[in-house]
Amino acid sequence: MIKIYHNPRCTKSRHGLALLEESGKEFEVVKYLDTIPTKEELTSIVQKLGFSPIELVRKNEAIWKENFKGKELSNDEIIEAMIQYPKLIERPIVINNDKAVIGRPTENINEII
């Protein structure tokens, strides 16, 4: 099952959702600001992306700049920051089985659907 971690207020996330709708494939929408991923979910997402946690962080967000920028943080601390402030999570994230991509640019989603 395909899953999209979606923020309806984000243009790129809306484009990613539209691409999935146009594909005709079944998928699940997770509004991650309302249903915050658990530590286990975020850890799994990072692994599927093949990233380190810091690569999933929106570093231009004021929350990041004010609270975390310039600090030495462990991977666990970065994941905890994203759980505490889910707005920091890059979006949209699309997962299909054991693969995941960030839909920036939107065309990245085509790689896994």
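Where is proline 92 found? Proline 92 sits in the loop between α4 and β3 (93–96). The views below are of a predicted model, in which local features need pLDDT of at least 70, side-chain atom pairs count only at pLDDT 80 or more, and totals for chains, interfaces and linings use all residues. Residues are numbered from 1 along each chain as its sequence is written, and side-chain values use heavy atoms, with hydrogens and water left out.

**View 1. The protein chain in outline.**
The protein chain has 4 helices and 4 strands. Helices (H or I, at least four residues) and strands (E, at least two) are DSSP runs, numbered from the N terminus. Along the sequence the pattern reads β-α-β-α-α-α-β-β. The radius of gyration of the protein chain is 14 Å, close to the 13 Å from the globule rule for 113 residues, so the chain is as compact as a globular protein of that length. That radius is taken over C-alpha atoms; the globule rule is 2.2 Å times the number of residues to the power 0.38. The C-alpha trace spans about 45 × 25 × 25 Å along its principal axes. Of the 113 residues, 42% count as buried. Buried means under 20% relative accessible area, exposed over 50%, and partly exposed in between (1.4 Å probe, protein chains only). Contact means heavy atoms within 4.5 Å. Among contacts between residues at least 6 apart in sequence, 64% join residues at least 24 apart.

**View 2. Helix α2 against helix α4.**
Two packed helices are described by the angle between their axes and the distance between the axes. Here α2 (residues 39–49) and α4 (residues 75–84) pack at about 115 degrees, with axes 10 Å apart. Axes are lines fitted to C-alpha atoms, for helices over the stretch in contact; angles run from 0 to 180 degrees between N-to-C directions. Which residues meet? From α2 come Lys39, Leu42 and Thr43; from α4 come Asp76, Ile79, Glu80, Met82 and Ile83. These contact residues divide into 4 nonpolar, 1 polar and 3 charged. Ala, Val, Leu, Ile, Met, Phe, Trp, Tyr, Cys and Pro count as nonpolar, Asp, Glu, Lys and Arg as charged, and the others, Gly among them, as polar.

Glutamate 90 lies in the loop between α4 and β3. Is glutamate 90 buried or exposed? Glutamate 90 is buried, at a relative accessible area of 15%. Its side chain makes a polar contact of 2.8 Å with the side chain of arginine 104. A second polar contact, at 3.1 Å, links the side chains of glutamate 90 and arginine 58. A polar contact is a pair of N or O atoms within 3.5 Å; within protein, one must be able to donate a hydrogen and the other to accept it, and residues adjacent in sequence count only if both atoms are side-chain atoms. Leaving aside neighbours within four places in sequence, glutamate 90 is in contact with Leu56, Arg58, Ile102 and Arg104. Arginine 58 is placed in the loop between α2 and α3. Arginine 58 counts as buried at 17% relative accessibility. Not counting residues up to four places away in sequence, arginine 58 touches several residues, including Trp64, Lys87 and Arg91.

**View 3. Backbone exceptions.**
Most residues other than glycine have a negative phi, and most peptide bonds are trans. A cis peptide bond joins arginine 91 and proline 92, with omega about -15 degrees. Another cis bond joins arginine 104 and proline 105, with omega about 0 degrees. Proline 105 lies in the segment after β4. Asparagine 97 has a positive phi, near 60 degrees. Asparagine 97 sits in the loop between β3 and β4 and counts as exposed at 53% relative accessibility.

**View 4. Threonine 106 after β4.**
Threonine 106 is found in the segment after β4 (99–102). It counts as buried, at 12% relative accessibility. Beyond its neighbours within four places in sequence, threonine 106 contacts Lys12, His15, Gly16 and Leu19.

**View 5. Asparagine 67 in helix α3.**
Asparagine 67 belongs to helix α3 (residues 62–67). Its relative accessible area is 28%, so asparagine 67 is partly exposed. The side chain of asparagine 67 reaches the backbone oxygen of isoleucine 63 at 2.9 Å.
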